[in-house]
Amino acid sequence: MSTVSGTPPEWILGISRSHNGAVALLRNGVVFRAVQAERLTRVKRQGLYLDDDSDVLSRCVRYCLEDAGVGHEDIGAIATCTPWEEAQQSHEKLCALIGGTLSKDIPLITVPHHYAHAEYAVHYGAGSSGLVLVVDGSGSYESDRGGLTVQEDVHPKARLFVGSSGKETVSAYVFDGRSLRLVYRFAHPSGPVSAPAVGILNIRLLQSIGHLWRWASWYCCGGGNDAGKVMGLAAHGDLAVHAGLEFARFEPDGLLSIDFDLLSREFQEPNLAGVEISGNRHYADLAAAVQDRTNRLLVELLTQLKEQFPAQSLYYSGGVALNVVANEVIARSGLFETVHMNGSCEDNGTAAGAAMAAHVQLGGDRQYEAVTDYYGRSYPDSDIETALTAHRCSYRRVADDEIAAEAARLLVDGAIIGWFQGGSEFGPRALGNRSILANPTDPHTKYVLDLIVKRRERYRPYAPAVLAERCHEFFDIDGPSPVMLREGRVFNPAKLPAITHVDNSARVQTVRRDENPRYYDLIKCFGERTGVPVILNTSYNLAGDPIVETPEDAVRSFTKSGLRNLVIGNYVAERPTTA
């Protein structure tokens, strides 16, 4: 990527024009604040279209600017990124969309989708060199690439499977600590193929690992956004059932081939109505086959890439990187000493990645941060008290140095609690600031969560959060997992029944005190009472809702849920009183 000389602007706004749209505000190359649109509209997977959605986009922009104490006129550049067809935005239209007046001469920078994913990934690697892999449903159109502001540097030995009608689905780069160079791309020129296995829906699919999971999501769950459910379902399946079904592979030269026609012939019972499928072996066996094939595809590709471009570290991003089972297979493959990942690896993270690319494009020195996803706003006590009072909740205030111990006491006593603290998480995982917490040692916990609180499918597991320094006592994890992107075997499933999946695995979050002091102290207090410094952590939302963002969201969800208590800031609330 070519850059311009000079001093980059202090404030750069990044916008992900995507199916889960987001806005990020960078200050001197570092994320200051970021938010997904869904958190503000309360519509799950809210898109940003930069068309007639000025109300949504302007709310996201104000969310970031107001917390920074700056105005629209302080924005020094705007970077956009999209997996859809590129739509050039005029200065006037952007002003109207974001709800304020911009300086006339600010740069408007368009960034390739996979490149934004890559920039986001390397931002958290402290400058170490490595291979960068981006795998998702799809990204930029090849026909749009020449008109984008940011132009990728292509390695002379790059393997490119692209055509003018193609759309990127897998990309790889080498990062030397300073710049990214493209070494692999799959953007199949033949375009989408139909998948009649999903019957009347007639969805269209690319040659894409992400779209393989989209197909499985439609087939098993009746909707295209339930890959996470399919991942949980896979552990219930029998790999032997479809062991001989070769429906996806990377050829020795790197060409990706997914045979959707074969899948259509083999699987002809799509769950179009999205009915409960817990205990249904047909769907579980299919899910197991898709998971196993994904694991092998990724290792095959990475093996090929490393042979050509040796590296000790891997940076990994894109929506497929949310699959912790495949992540663990990569981490344990022996291909790399270190695997770098961060929590907003799906499209919301490209808002930050696009802004990071713009910072470098405009002459800025590359900046780095420790892995974190706490990029949302904190809220004052006045907002908390207003929400609690409006919803007729009884509450009491607890001292700073007692709130963690009080929450731990509630958990030990069997309460399932809402936990709302500090700045919200940017990505799809609740990491201890917008969480529902419970006792993982109680065998009844999962049943209560499934049936009364979360109201979700029984086959889906819940995740543990554990003190980082004691993780090795409970889980087979060989490194940190601060954003819940690693999986490990549970050493003693009988001791932790509520977080142990059917295959004795768990998606683990490790917690250090310097990452989240109050959350760490809660887990530590719970461990002192029980001998187990592990708690169950799941996202604070009801079925079909996004994760809560504001105190009002949290209290409203509390009143509609089966939660016994809500610990919000320094307040402990109980069920609302009746009239």
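## A walk through the predicted model

Histidine 91 counts as buried because its relative accessibility is 12%, under the 20% limit. The model discussed here is a predicted one. Histidine 91 belongs to helix H3, which covers residues 91–98. Leaving aside residues up to four places away in sequence, histidine 91 touches Leu102, Ser103, Lys104 and Leu108.

Leu108 leads on to a sheet, since strand S5 covers 108–111. This sheet is open and has five strands in the order S3-S2-S1-S4-S5, with mixed pairing. Strand S3 (30–36) and strand S5 are at the edges with a single partner strand each, so one side of each has no neighbour in the sheet. From one strand to the next, the twist averages 20°. Within the sheet, strand S1 (residues 11–16) and strand S4 (residues 77–81) run parallel and are joined by five bridges. Isoleucine 12 has alanine 77 in S4 as its bridge partner. Helix H11 (residues 349–361) packs on this sheet and touches S1, strand S2 (22–27), S3, S4 and S5. The direction of H11 makes about 140° with that of S1.

A second open sheet has nine strands, again with mixed pairing, in the order S16-S24-S23-S17-S18-S22-S19-S21-S20. Its edge strands are S16 and strand S20 (486–489), each of which pairs on one side only. Here the twist averages 35° from one strand to the next. Strand S17 (residues 417–420) pairs with strand S18 (residues 434–438) in the antiparallel sense, over four bridges. Phenylalanine 420 has arginine 434 in S18 as its bridge partner. Helix H10 packs on the sheet, where it touches S20 and strand S21 (505–511). The direction of H10 makes about 80° with that of S20.

In H12, Ile384, Ala387 and Leu388 are buried. These three residues lie on the same side of H12, because they cover an arc of only 95° around the axis. The face turned away from that buried side carries Thr386, Thr389 and Ala390, which are exposed. Among the elements that cover the buried residues of H12 are strand S16 (393–397), helix H16 (551–560), strand S23 (565–568) and strand S24 (571–576). Just after H12, arginine 392 takes a positive phi of about 60°.

Helix H7 (residues 227–234) is mostly covered, with six of its eight residues buried. The buried residues in H7 are Lys229, Val230, Met231, Gly232, Leu233 and Ala234. Their cover includes helix H6 (209–221), H9 and helix H10 (324–331).

Cysteine 220 counts as buried because its relative accessibility is 0%. Cysteine 221 is buried, with a relative accessible area of 12%. Across the whole structure, the search finds zero disulfides.

Valine 150 sits in the loop between helix H5 (142–145) and strand S7 (153–162). From valine 150 to glutamate 251 the separation is 101 residues in sequence and 30 Å in space, C-alpha to C-alpha.

In soluble globular proteins, nonpolar side chains tend to be buried together. The largest nonpolar core here has 68 residues, of which Leu133, Tyr184, Trp215 and Tyr316 touch the most other members. Helix H9 (residues 281–308) gives this core its largest share, eleven residues.

Technical notes
Residues are numbered from 1 along each chain as its sequence is written. This is a predicted model: local features need pLDDT of at least 70, side-chain atom pairs count only at pLDDT 80 or more; totals for chains, interfaces and linings use all residues. Side-chain values use heavy atoms; hydrogens and water are left out. A nonpolar core is a set of buried Ala, Val, Leu, Ile, Met, Phe, Trp, Tyr and Cys residues joined through side-chain atoms within 4.5 Å. Buried means under 20% relative accessible area, exposed over 50%, partly exposed in between (1.4 Å probe, protein chains only). Helices (H or I, at least four residues) and strands (E, at least two) are DSSP runs, numbered from the N terminus. The arc is that of the directions from the helix axis to the C-beta atoms. Contact means heavy atoms within 4.5 Å. Two strands pair if DSSP finds at least two bridges between them. Axes are lines fitted to C-alpha atoms, for helices over the stretch in contact, and angles run from 0 to 180 degrees between N-to-C directions. A disulfide is a pair of cysteine sulfur atoms within 2.5 Å.
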